Amino acid sequence: MEKPQPQYLKLEEERPNDWAFNRPSEWEFFDRRLDRAEDAEREGDIVKAMKICREIVESCPEYLPAVNKLGLLFKEQDDLDAAIEIFEGAVGVGVACLPQGFEFGKDRIPWYWEDNRAFLLACEHLAMTHLEKALIYLSIR
């Protein structure tokens, strides 16, 4: 079965073996909405921040900054299972963008391309949340 391709987000080769995600112009609207979610979080209104992030993700599941923020908000609420599910979805979106000829170990998605950061952070958040869950499991055994 073929993996579904994201509608807006694409991975493009910028230099030999260096790949970068594009930043669709349609996302400027989502940037402003995410700013509102971050304002709500700073004001202590986590419920409102989560609601805004959910609305963004429902509108555009490939807008990874909002997906990451939603996962982090679940993590703040100690809902590690929900956070893992959210981060897995973000990583899945990025993986779906990998071109057929992408070679792991040879091709890179470097941090210095700013538009790669949301995907790379999703990978990091997923790994750290799994680790946190494992450490909690080990501490109660």
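Strand β1 covers residues 11-15 and strand β2 residues 18-21, and they pair in the antiparallel sense over four bridges. Leu-11, for example, has Phe-21 in β2 as its bridge partner. Strands here are DSSP runs of E with at least two residues, helices are H or I runs of at least four, and both are numbered from the N terminus; two strands pair if DSSP finds at least two bridges between them.

A quick word on the source: this is a predicted model, where local features need pLDDT of at least 70 and side-chain atom pairs count only at pLDDT 80 or more, while totals for chains, interfaces and linings use all residues. Residues are numbered from 1 along each chain as its sequence is written, and side-chain values use heavy atoms, leaving out hydrogens and water.

Now the helices. α1 and helix α2, residues 46-59, pack at an angle of about 160° with their axes 7 Å apart. That makes α1 roughly antiparallel to α2. With α3, the axes come within 10 Å and cross at roughly 20°, so α1 and α3 are roughly parallel. Axes are lines fitted to C-alpha atoms, for helices over the stretch in contact, and angles run from 0 to 180 degrees between N-to-C directions; under 35 degrees counts as roughly parallel, over 145 as roughly antiparallel, 65 to 115 as roughly perpendicular and the rest as oblique.

Which helices each supply at least two residues of the lining of the largest pocket? They are α1 (27-42), α3 (64-76) and α5 (117-140).
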